[in-house]
Amino acid sequence: MSQRRVVVTGLGATTPLGGDVESTWKALLAGQSGVRLLTEDWRELLPVHFAARVATEPADQMERVEMRRLDRSEQFALIASREAWKDAGSPDDIEKERLGVVIASGIGGVITLLDQFVNLNEKGARGVSPHTVPMLMPNGPAANVGLELQAKAGVHTPVSACASGAEAIGYAYEMIKNNRADIIVTGGVEAAVHQLPMAGFAAMKALSTRNDAPAKASRPYDIDRDGFVLGEGGGVLVLEEYESAKARGAKIYCEIGGQGLTSDGYHIAAPDPEGSGVQRAIKFALSNSGLSTKDIVHLNAHATSTPAGDVAEANALRKALGADADHVAVSATKSMTGHLLGGAGAIESVFIVKALQERLAPPTINIENLDPAVTVDVVRDTPRQLPAGDIAALNDSFGFGGHNVVLAFKSL
Amino acid sequence: MALSQADVLAGIKEIVEEVAGIPAASIELDKNFTDDLEVDSLSMVEVVVACEERFGVKIPDEKVTELATVGDAVNFIVNAAA
C-alpha cells in the first residue's frame, strides 16, 4: 500500500479576535489585540484584571437550550467544528466508521465544575445539574462534536496542558496515516477565564499583571514581557486522506507532513533552558515529513510572553534550524490572541494553514524593545510576505509537564 | 396548598420549554415525555427538580419512572400538593 498522505480541507475557529476564521485572520493580519479588561467584579480578587475573551459570545452562535447542556469549552468546540465541517464542504455522506474526532482541552469543563460546586453548597445535592459530568469531562468537547457528526472511527482527547491542541492534531494525523480513518475533525478548545484557574496561574507568577495596559500585556520577545495573558476559544481543522479528498473534489489547503513529539524530563512547569526537547521535536517533525531546515519559511512559535519560556524556545529554534533560521519568519500570535492553553496549538495551526494559503506570515505585536537574547527573525507589527513555490512551516506547542509538540505543514 | 390541574400544566409547560426547548404549545396532557417530547433521562431529572422547586412538592426518584406522560406528572403534583 502506498503511503497515505494527510491534507487539510476545512478550518473553523472562535477566538478573541473573531467568531470565525475569516474575521480572526483579518484581525490577526491587522495586528489587533483581543485582550480586554475583565468586567466581572471578581477580577478585584486577583492581581490580574484582564484576559482575552472570545470576540463573539456563544449565545450569538447557538440555541439557548443547546447551550445550557454544554460547558463553554464544548460550545466553542461545536461552533468551530460546524464552521470547519461546512468549510470542508459538509461531506455528510462519508462513511461514519471512517470519520473520527480528536479535540483537546487543557483543563476541560473547569467552569462547570466550579459553578456546580457553588450549587452544591447553596442548594444541596438536588441542586447539582444532571449535566454536570458530561459538561466537565475533558473529553466532552470531542464527544459532543463526535455525537453531532456521528463519528464512529474513534473520538479522542489527548491532554498535555498547553500542547494539547497540537497533540490532538498530531493524533488525528496518525489516525489517518495509519488507516484508522479517512477524515478527522480535530483541534483544541479552552474556556478557563474564571477566577480560580486565573488565581492558580497568577500564584505561579505565570500571568502578566500589566493592568494599566491590557492590550500591551502579551508581548512575546519584548524585553519587558512579564507573563502570559489567558485567552479562550478554540480552533478546528478537518484533516483528510489525500486521495479520498481529491476523489470527492474537496478544496485542499495544504498537507500535514508529520510531527515531532518529545518530553523534557526536566521540571513540572519551567522550560528546560537548553531546550533540548524542543530541538529534538523539531528534528523529528522535519525528518518525519521528509523536510530539511531549508524548506521551512515560517514558524508559529509557542512564545507565550513569559520571561523564561520565550528565550528558551528561541534558543532551541536557533540551534535546531542553524543558519537556516535566518530565512524563517517567526510569528508569535499569542501577542494578539492571548494564550488559549489547550486551544493554542489548534488556532495557531489554523493560522499556519492560512499563512501558507495566502503566503503571509502574521505579525507579532507589542515588541517595543526586542530582547537581545532572541536570535530568531521575528515578524514584527505587520505581516510578511512568504515566498512562492513549495514552502513549509512549523507549529511549536509546549505544555506544563514538559510536553513538546511540533507539527509540520507543507504547501501542496 | 391546593393546585389546579391547569396551573400545574402551565407550570410544566414552562419548565419543559426552558429545559428541553420544546415549544409550550406542543406540550399536552397525553404527551409522553420520552417518546413524544424527546426529554432524555438527564433532562427529566432537571424537569423533576424544577417541578419540586416550583410547586413545593417532593417527587421521589422511584415515582419519577412512573411519570410517563405530562398528565401523570400533573396528577402526581396536584395530589402531592393537596
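These exercises work through a predicted model with chains A and B.

Residues are numbered from 1 along each chain as its sequence is written, and chains are lettered from A and ligands numbered from 1 in the order in which they are written. In this predicted model, local features need pLDDT of at least 70, side-chain atom pairs count only at pLDDT 80 or more, and totals for chains, interfaces and linings use all residues.

**Exercise 1. Describe the fold content and dimensions of chain B.**

Step 1. Take the elements, which are DSSP runs numbered from the N terminus: helices (H or I, at least four residues) and strands (E, at least two). Chain B has 4 helices and 0 strands. Their order from the N terminus is α-α-α-α.

Step 2. Check the dimensions. The C-alpha atoms fill a box of roughly 30 × 25 × 20 Å along the principal axes. The radius of gyration is taken over C-alpha atoms, and the globule rule is 2.2 Å times the number of residues to the power 0.38. For 82 residues a compact globule would have a value near 12 Å; chain B has 11 Å, which agrees.

Step 3. Look at burial. A residue is buried if 20 or more other C-beta atoms lie within 10 Å of its own, exposed if 12 or fewer, and partly exposed in between, with C-beta atoms placed from the backbone. In chain B, 29% of the 82 residues are buried.

Step 4. An unreviewed UniProt entry annotates residues 6-81 of chain B as "domain: Carrier". Positions follow the numbering used here, feature names are shortened, and annotations may be inferred rather than shown by experiment. The end C-alpha atoms of this span lie 14 Å apart, and the span is 61% helix and 0% strand.

**Exercise 2. Find which element of chain B gives the largest share of its side touching chain A.**

Step 1. Count contacts (C-beta atoms, placed from the backbone, within 7 Å). 6 residues of chain B meet 6 residues of chain A.

Step 2. Assign them. Helix α2 (residues 41-55) of chain B supplies 4 residues, the largest share.

**Exercise 3. Decide whether S81(A) is buried or exposed, and list its contacts.**

Step 1. Locate S81(A): helix α3 (residues 72-87) of chain A.

Step 2. Count neighbours. S81(A) has 29 other C-beta atoms within 10 Å, so it is buried.

Step 3. List contacts, not counting residues up to four places away in sequence. S81(A) touches G12(A), V145(A), V185(A) and V236(A).

Note on methods:
Two residues are in contact if their C-beta atoms, placed from the backbone, lie within 7 Å.
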